[in-house]
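Here is a friendly note to read with the model open beside you. Take the points one at a time, and find each residue as you go.

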Amino acid sequence: MPKILITTGDAAEDLEVMYPYQRLLEEGYEVDIAAPTVKQLQFVIHDFVSSFDTYTEKLGHSWPADIALADVNPADYAAVVIPGGRAPEFLRMNPDFRRIITSFFADNKPVAHICHAAVALAPLGVLKGRRTAAWPACAPDVELAGGTFVDSDAVVDGNLVSARAWNDQPAWMRAFVELLREHAPVKR
């Protein structure tokens, strides 16, 4: 059974971790959640309040990490998912995160990212020449990294599937699962 990796950490967007986790399990994949350390992670929920100029943050679910980033061998996984939230701004400084993600791109394996995950990808050089969605406030990060920001719910560019935010997840996961069925099908 192919394995899928989700790279995340504390303050990741709750729905952007849990929806792909459960959807990929439903599809028949084995899914591991990797974080800087093996511990109980605390996710957050970003929501909109009409009187605020930006989103608000509330505590979400907590969930255990299965494996530390330092212990991940990218060769063991068919694809990777990178949720948004605030976790990506810290993950981008982690050398093991950088090693893992650049390996997936070098091997042309499926990569799904959403929302603020673009800020973790931008410094890696993997967005250069690519079309990608992200939270609109991340458009400058995408463009400074040499990518083209696309304001859409599911953008597919080769092995890369991206979306703006959690409300885009049905289209985002539908496109990612289609890519997985082609590159890493589940044997039934």
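1. **Ground rules.** This is a predicted model, in which local features need pLDDT of at least 70 and side-chain atom pairs count only at pLDDT 80 or more, while totals for chains, interfaces and linings use all residues. Residues are numbered from 1 along each chain as its sequence is written, and side-chain values use heavy atoms, with hydrogens and water left out.

2. Start with helix α1 (residues 14-27) and helix α6 (residues 169-183), whose axes come within 11 Å and cross at roughly 40 degrees. That angle makes α1 oblique to α6. Angles under 35 degrees count as roughly parallel, over 145 as roughly antiparallel, 65 to 115 as roughly perpendicular, and the rest as oblique. Axes here are lines fitted to C-alpha atoms, for helices over the stretch in contact, with angles from 0 to 180 degrees between N-to-C directions. Helices (H or I, at least four residues) and strands (E, at least two) are DSSP runs, numbered from the N terminus.

3. **Who touches whom?** Which residues of α1 and α6 make the contact? From α1 they include Tyr19, Arg23 and Leu24, and from α6 they include Trp172, Phe176 and Leu180. Contact means heavy atoms within 4.5 Å. The contact residues divide into 10 nonpolar, 1 polar and 4 charged; Ala, Val, Leu, Ile, Met, Phe, Trp, Tyr, Cys and Pro count as nonpolar, Asp, Glu, Lys and Arg as charged, and the others, Gly among them, as polar.

4. The expected span of a helix is 1.5 Å times one less than its number of residues. For the 14 residues of α1 this gives 20 Å, in agreement with end C-alpha atoms 20 Å apart. After α1 comes Gly28, with a positive phi near 110 degrees.

5. **What is hidden in α6?** Its buried residues include Trp172, Met173, Phe176 and Leu180. Buried means under 20% relative accessible area, exposed over 50%, and partly exposed in between (1.4 Å probe, protein chains only). Among the elements covering the buried residues of α6 are α1, β1 (3-7) and β6 (79-82).

6. **Ile4.** This residue lies in strand β1. Ile4 is buried, at a relative accessible area of 0%. Leaving aside neighbours within four places in sequence, its contacts include Leu24, Val81 and Leu180. Ile4 and Ile33 are 29 residues apart in sequence and 8.7 Å apart in space, C-alpha to C-alpha.

7. **Thr132.** Is Thr132 buried or exposed? It is buried, with a relative accessible area of 0%. Thr132 belongs to strand β8 (residues 131-132). Not counting residues up to four places away in sequence, Thr132 touches His113, Phe149 and Ser162, among others.

8. Ala11 has a positive phi of about 70 degrees although it is not a glycine. Look for Ala11 in the loop between β1 and α1; at 9% relative accessibility, Ala11 counts as buried. Cys115 is not a glycine either, yet has a positive phi of about 60 degrees. Cys115 sits in the loop between β7 and α4 (118-121), and at 8% relative accessibility it counts as buried.
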